[in-house]
Amino acid sequence: MEKIFLSLSELKKINSNLEKIKNKDLKEVIEEIKQSKIMGDLSENAEYHSAKKKKLFIEEKIKNKEKILSNSEIIEENAFKKILKIKLKNIKNNEIIEFFIGKIQINKKNYISEDSPIAIILKNKKVDDLIKIKKYNKEIIYKILSIE
């Protein structure tokens, strides 16, 4: 897994969410499993099987959060101050999307680094230029609406 850049506040948010999952959600589902075992035959006990599935789901969430934390690197809150904001319009369906381009990629939707494929395509382009971006093996044509 590649490095994930997070601000200190994002890191704290993920960490507190992880603690809540471990200390509250997981303990609750373990208690549900204990209670459902008391009901008898486990092979036909829907509550037991439901609680076990819920436990697996929670454990997977914990594993994912821990993976994010172990692969994260803290950046300053203002590390993305020098952002280039680009607004594009899909020529076919008029959908408008925005990209924020900076020195590094951070873990936010549509925030990309200046050396990403989309940023390279956008390099040296200006407003009203048309560009082609490959997405899901389809080439989509966008018109550049603004560059800020």
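**View 1. Lys-22 and Glu-66 meet in a salt bridge, with 2.9 Å from N to O.** A salt bridge here is a side-chain nitrogen of Lys or Arg within 4 Å of a carboxyl oxygen of Asp or Glu. Lys-22 sits in helix H1 and Glu-66 in helix H2, so this pair ties together parts that are 44 residues apart in sequence. Helices (H or I, at least four residues) and strands (E, at least two) are DSSP runs, numbered from the N terminus. Lys-22 counts as partly exposed at 30% relative accessibility, and Glu-66 is partly exposed too, with a relative accessible area of 36%. For these words, buried means under 20% relative accessible area, exposed means over 50%, and partly exposed is in between (1.4 Å probe, protein chains only). By the salt-bridge rule, the count comes to 10.

A word on the model: it is predicted, so local features need pLDDT of at least 70 and side-chain atom pairs count only at pLDDT 80 or more, while totals for chains, interfaces and linings use all residues. Residues are numbered from 1 along each chain as its sequence is written, and side-chain values use heavy atoms, leaving out hydrogens and water.

**View 2. Helix H2 covers residues 46–70.** Count along this helix and you will find 25 residues, reaching 36 Å from the first C-alpha to the last. That is close to the 36 Å expected at 1.5 Å a residue, where the expected span is 1.5 Å times one less than the number of residues. Look for Tyr-48, Ala-51, Ile-58 and Ile-62, which are buried. The buried residues of H2 pack against helix H1 (8–38), with contact meaning heavy atoms within 4.5 Å.

View 3. An α-helix has 3.6 residues a turn, so residues three or four places apart point the same way. Glu-60 counts as partly exposed, at 37% relative accessibility.

**View 4. Strands E3 (residues 84–90) and E4 pair in the antiparallel sense over 6 bridges.** Two strands pair if DSSP finds at least two bridges between them. E3 and E4 form a hairpin with 5 residues between them, and in the turn Asn-94 has a positive phi of about 60°. Across the pair, Lys-87 stands opposite Glu-98 in E4. The side chains of Glu-98 and Lys-87 also meet in a salt bridge of 3.8 Å, N to O. Glu-98 lies in E4 and Lys-87 in E3, so the pair ties together parts that are 11 residues apart in sequence. Salt bridges that share partners join Lys-85, Lys-87 and Glu-98 into one network.

**View 5. Strand E4 (residues 96–102) is mostly covered.** Of its 7 residues, 5 are buried. E4 is also joined to strand E5 (residues 111–113) by 3 bridges, and these two strands run parallel. Here Gly-102 stands opposite Ser-113 in E5.

**View 6. Leu-84, Val-127 and Ile-147 make a nonpolar surface patch of about 200 Å².** Patches are made of residues with over 30% relative accessible area and no salt bridge; like charges are joined within 9 Å, and nonpolar side chains (Val, Leu, Ile, Met, Phe, Trp, Tyr) within 5 Å. Accessible areas come from the Shrake-Rupley method with a 1.4 Å probe, and for residues only the protein chains shown count as cover. Val-127 is in the loop between helix H3 (117–122) and strand E6 (130–135).
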